[in-house]
Protein chains: 2
Amino acid sequence: MENIDKLMRSFIVDLGEGDIVSLYDNISQQGKKLRSKLIFEIAKTSRDATKLAAIVEMIHAASLLHDDVIDDADTRRGEESFNAKFGDKSAIMMGDILYSAAFSKLSEFPSAVAACVSNAVALLSAGELADVKLSEFFNTDKNRYMEMIYRKTASLIEASAYAAAVLEGFEGRDFGIYGKNLGLAFQIIDDILDITSNDKTLGKPALHDFKEGKMTLPYLYMYEACEEKEKKYMTTLYKKSLNSYEKDWIKNKMKEYGVIMRCIKEARNLGGEALGAIEKYNMDGLKNIIRQMVERDF
Amino acid sequence: MENIDKLMRSFIVDLGEGDIVSLYDNISQQGKKLRSKLIFEIAKTSRDATKLAAIVEMIHAASLLHDDVIDDADTRRGEESFNAKFGDKSAIMMGDILYSAAFSKLSEFPSAVAACVSNAVALLSAGELADVKLSEFFNTDKNRYMEMIYRKTASLIEASAYAAAVLEGFEGRDFGIYGKNLGLAFQIIDDILDITSNDKTLGKPALHDFKEGKMTLPYLYMYEACEEKEKKYMTTLYKKSLNSYEKDWIKNKMKEYGVIMRCIKEARNLGGEALGAIEKYNMDGLKNIIRQMVERDF
């Protein structure tokens with residue numbers, strides 16, 4: 001993983017601007033690097049795995065820089081966000097630099113690899129806009145939500161798995177299905193944690209999504225399960241700064257209707273789909289990634 | 001040229017988000033399309049010329065969307081800018097969508113073409129940051145300025161010419177030199193027009209660059225030519241809202257020291273370099289592009 005960080009930095013140094021390197025060194029490298037782990041598990045022998053991982057992490061970092069500007073986020077993983085520290089403009093420029101440096105290095109890969117990763121970035125940017133649009137109203141359409149998280153979160157994970165498989169000489173499609181379902185499960189679990197975990201773990205306030213207008217899966221299922229009166233009350237809480245009584249009401253209703261358990265099951269099903277797609281390859285590393293994700297405390 | 005607009009739009013429609021298409025339709029298509037003209041003049045018989053032109057115009061449009069956010073620009077070509085109309089966030093997202101859709105289509109080209117265009121975008125984003133950094137102080141270093149405009153303006157023009165040549169089976173390098181020098185000349189002329197033209201022609205106030213902190217070539221040459229006392233006075237005007245006396249002082253000093261003529265000569269020299277690189281191909285269209293640019297009233 002350290003080699004990825006080194007390679008990413010060298011791509012930035014290659015641009016030949018000292019100012020950019022100094023700014024770059026302020027981007028938090030504390031992420032989980034899920035996409036890189038996936039690439040290394042799949043492309044175990046390929047010499048280009050590190051380069052692919054560095055490109056994907058740069059794309060991911062670029063999308064987070066722009067996301068935080070768009071969401072007015074002051075924190076990222078519990079630390080002050082890049083935009084909060086250096087301003088929105090620097091974050092926009094740094095994001096553009098990371099995206100473009102990544103695409104430049106991506107063009108050195110076979111076109112099947114370059115195409116799948118760059119298509120994913122197009123989906124990802126479209127997903128960011130869909131996310132913003134879906135946050136503007138009390139969305140109750142699960143399909144729209146699932147399509148949005150596929151684009152915004154799962155597409156780059158899907159492409160990472162697909163591209164790594166192509167590098168290793170495997171069938172890209174199987175690993176793409178694995179990656180897509182892993183990505184969807186990952187996002188649903190993230191949505192659950194926004195409700196069940198306390199501030200420290202997540203580095204952001206609990207029930208933050210609902211306040212930001214994001215009708216994530218737990219809220220969609222809760223609304224579906226609620227009686228008419230409760231539905232009405234729930235809409236009055238939407239996008240509000242909730243007091244502890246209101247927060248408790250939501251959490252209790254979710255408990256009453258088994259919403260969190262239903263979401264966990266859904267994430268586990270997606271995990272099962274992921275595993276099914278790559279069963280014949282018998283790769284323990286990929287099984288563990290799914291297990292560690294879905295078999296945890298919520 | 002109409003085919004380019006249609007193809008660009010179809011790339012956006014392919015993303016499958018109605019919201020994106022509606023937003024996209026609000027981007028002004030009133031640009032000169034210099035890069036596309038260049039591509040069509042060079043790749044006269046290639047079937048992929050329109051596709052390359054659409055990709056390059058999308059990249060150019062994306063960079064303008066982000067530039068206008070970064071520069072807090074309310075207008076673009078005399079009209080209200082996209083960010084002024086729809087907000088910075090929409091402009092950031094729309095820029096990301098255009099960039100990523102362009103890269104996605106670019107990955108369908110031979111890697112020599114994809115590599116040169118994507119490298120140019122990396123230079124372009126780095127150039128945007130260099131432009132901002134150079135606007136933060138009274139820069140007197142011509143080399144830094146020329147390197148910045150190469151990156152920010154000339155690199156994508158260079159890549160357009162290079163890539164078009166590769167598509168047509170010509171020597172990319174010759175056309176790259178043509179494009180690079182055309183791009184530099186183009187930027188210098190733009191810098192001159194900010195001083196010599198009135199608001200209507202340019203769609204922005206005259207001497208706008210100096211107020212924004214941009215020490216463009218005329219200001220660099222003026223500073224170089226000034227006596228010590230004048231140099232001092234000039235620095236006091238930097239980044240200020242100038243009254244008409246101060247504006248006249250700058251314009252008169254530029255006249256006195258023959259600064260504008262020196263810049264025009266420099267642009268013409270660059271035009272000559274451009275023509276020299278492609279002399280043997282005897283392409284009238286490319287000669288005309290240079291002539292129309294440098295042989296005009298200032």
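I took helices (H or I, at least four residues) and strands (E, at least two) as DSSP runs, numbered from the N terminus. With that, I placed B:D25 in the loop between α2 (18–24) and α3 (34–42) of chain B.

The model is predicted, so I noted that local features need pLDDT of at least 70, side-chain atom pairs count only at pLDDT 80 or more, and totals for chains, interfaces and linings use all residues. Residues are numbered from 1 along each chain as its sequence is written, while chains are lettered from A and ligands numbered from 1 in the order in which they are written.

**Entry: B:D25.** Is this residue buried or exposed? I used these cut-offs: buried means 20 or more other C-beta atoms within 10 Å of the residue's own, exposed means 12 or fewer, and partly exposed lies in between, with C-beta atoms placed from the backbone. B:D25 counts as exposed, because it has 10 C-beta neighbours inside 10 Å. I also checked B:I12, 13 residues apart from B:D25 along the chain. Their C-alpha atoms are separated by 9.9 Å.

**Entry: A:I39.** I found A:I39 in helix α3 (residues 34–42) of chain A. A:I39 has 31 other C-beta atoms within 10 Å, so it is buried. For touching residues I used contact, meaning C-beta atoms, placed from the backbone, within 7 Å. Leaving out residues up to four places away in sequence, A:I39 touches A:A49, A:L52, A:A53, A:V56, A:S160 and A:A164. A:T236 is 197 residues from A:I39 along the chain, and 44 Å separates their C-alpha atoms.

**Entry: chain A as a whole.** I counted 16 helices and two strands in chain A. Its C-alpha atoms fill a box of roughly 60 × 50 × 30 Å along the principal axes. Of the 298 residues in chain A, 49% are buried. Among contacts with a separation of 6 or more, 70% join residues 24 or more positions apart.

**Entry: helix α12 of chain A.** This helix (residues 217–225) is mostly covered, with seven of its nine residues buried. I listed the buried ones: A:L217, A:P218, A:Y219, A:L220, A:Y221, A:M222 and A:Y223. What covers them includes α8 (142–168), α9 (172–196) and α15 (259–277) of chain A.

**Entry: the largest nonpolar core.** Such a core is a set of buried Ala, Val, Leu, Ile, Met, Phe, Trp, Tyr and Cys residues joined through C-beta atoms within 7 Å. The largest one has 201 residues. A:M58, A:V117, A:A164, B:M58, B:V117 and B:A164 have the most contacts inside it. Helix α8 (residues 142–168) of chain B gives the largest share of this core, 15 residues. I then looked at A:M58. Leaving aside neighbours within four places in sequence, A:M58 contacts A:M8, A:F11, A:L98, A:A101 and A:A102.

**Entry: where the chains meet.** How many residues of chain A are in contact with chain B? I found 33, and they meet 33 residues of chain B. On the chain A side, α2 (18–24), α4 (49–70), α6 (88–106) and α7 (111–134) each give two or more residues. The largest share of that side, 14 residues, comes from α7(A).

**Entry: the two copies.** I superposed chain A on chain B with a rotation of 180° and 0.0 Å of shift along its axis (RMSD 0.0 Å). That is the relation of a two-fold axis. The same surface serves both copies, as 100% of the contact residues of chain A recur in chain B.

Terms used. Two residues are in contact if their C-beta atoms, placed from the backbone, lie within 7 Å. Copies are superposed by least squares on the C-alpha atoms of residues with pLDDT of at least 70 in both.
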